[in-house]
Amino acid sequence: MVMASLFDELATLPDPRDRRGCVHPLSAFLGLVALAMLMGRTSLTGIARFGRQYGAPLAHALGFRRGKTPSVSTLSRTLRRLDADALEALLSRWLKARLDPAVIDQISLDGKTLRGSRDGDAPGQHLVAAYAPKVQAVLAQIRVDAKTNEHKAALRLLGILPLKDKVVVGDAMFCQRELADKVVEAGGDYVWMVKDNQRGLEVDIQAGFAFEAAARGVAAAVSP
């Protein structure tokens, strides 16, 4: 089976724009953004400059009809209208088709805030991401909106990931009973950090390790 290219996957994203007056095909638009970001241009200004730098040959190769790539304002306006969840889903689908699940033995959860635009037009977005260190790839990420919190977003994220025989790692932010249950129910294991603000749990963990150490000491003392 021939795997779809990234460009092919991007072409499946629903176009939120009114067809009347659309100058740039969405597939060409997204192809430019992806290519520019892979080349290290991560700002709207950098992406627009990248398109101008390579000019008509690149524009025609990507599918722009007029041989001209979008301006900063067009990039900003169009990107803000895209369905972020649909885009994330297709990127995850494209990536998973190229990864061997058996190679991934650890999944790390992490929360991060993306920087917004300087003038406030595009505010920073907070995300929860699942990262596979062995293959150095983000498997999926979910935006955290104002109506939820990180551990609720992490629950949704764990629900779309294959967790069987995987170890899920996270900091104290993810040390929640619901998340632990979700991982175990899916056939995985977890390692969470515990901070002083969960004093009862911290004491229980210390007591558990102390009990194991004492049991090993007793076993060593009575063994012939």
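Start by selecting Y190: this tyrosine is partly exposed, with a relative accessible area of 37% (buried means under 20% relative accessible area, exposed over 50%, and partly exposed in between, using a 1.4 Å probe and protein chains only). Before going on, a note on what you have open: this is a predicted model, where local features need pLDDT of at least 70 and side-chain atom pairs count only at pLDDT 80 or more, while totals for chains, interfaces and linings use all residues. Residues are numbered from 1 along each chain as its sequence is written, and side-chain values use heavy atoms, with hydrogens and water left out.

How many aromatic pairs does a search of the whole structure find? Two, where rings of Phe, Tyr and Trp (its six-membered ring) pair if their centres lie within 6.5 Å, with planes under 30 degrees apart counting as stacked, over 60 as edge-to-face and the rest as tilted. For one of them, select F50 and Y54: the ring centres are 5.0 Å apart and the planes sit at 55 degrees, so this pair is tilted. Both residues belong to helix α3 (residues 44-62), spaced four residues apart, about one turn of the helix. Helices here are DSSP runs (H or I, at least four residues), numbered from the N terminus, as are strands (E, at least two). F50 is buried, with a relative accessible area of 3%, while Y54 is partly exposed at 39%. Back at Y190 and W192, the ring centres are 5.4 Å apart with planes at 20 degrees, so that pair is stacked.

Keep α3 on screen and bring in helix α2 (residues 26-38). The two pack at an angle of about 125 degrees, with their axes 11 Å apart; axes are lines fitted to C-alpha atoms, for helices over the stretch in contact, and angles run from 0 to 180 degrees between N-to-C directions. That makes α2 oblique to α3 (under 35 degrees is roughly parallel, over 145 roughly antiparallel, 65 to 115 roughly perpendicular, the rest oblique). To see who touches whom, pick A28, G31, L32, V33, L35, A36 and M37 in α2, which meet I47, F50, G51, L58 and L62 in α3.

Last stop: E150, in helix α6 (residues 150-158). Is E150 buried or exposed? Buried, with a relative accessible area of 13%. Leaving aside neighbours within four places in sequence, show G111, H126, V128, V144, M173 and F174, the residues in contact with E150 (contact means heavy atoms within 4.5 Å).
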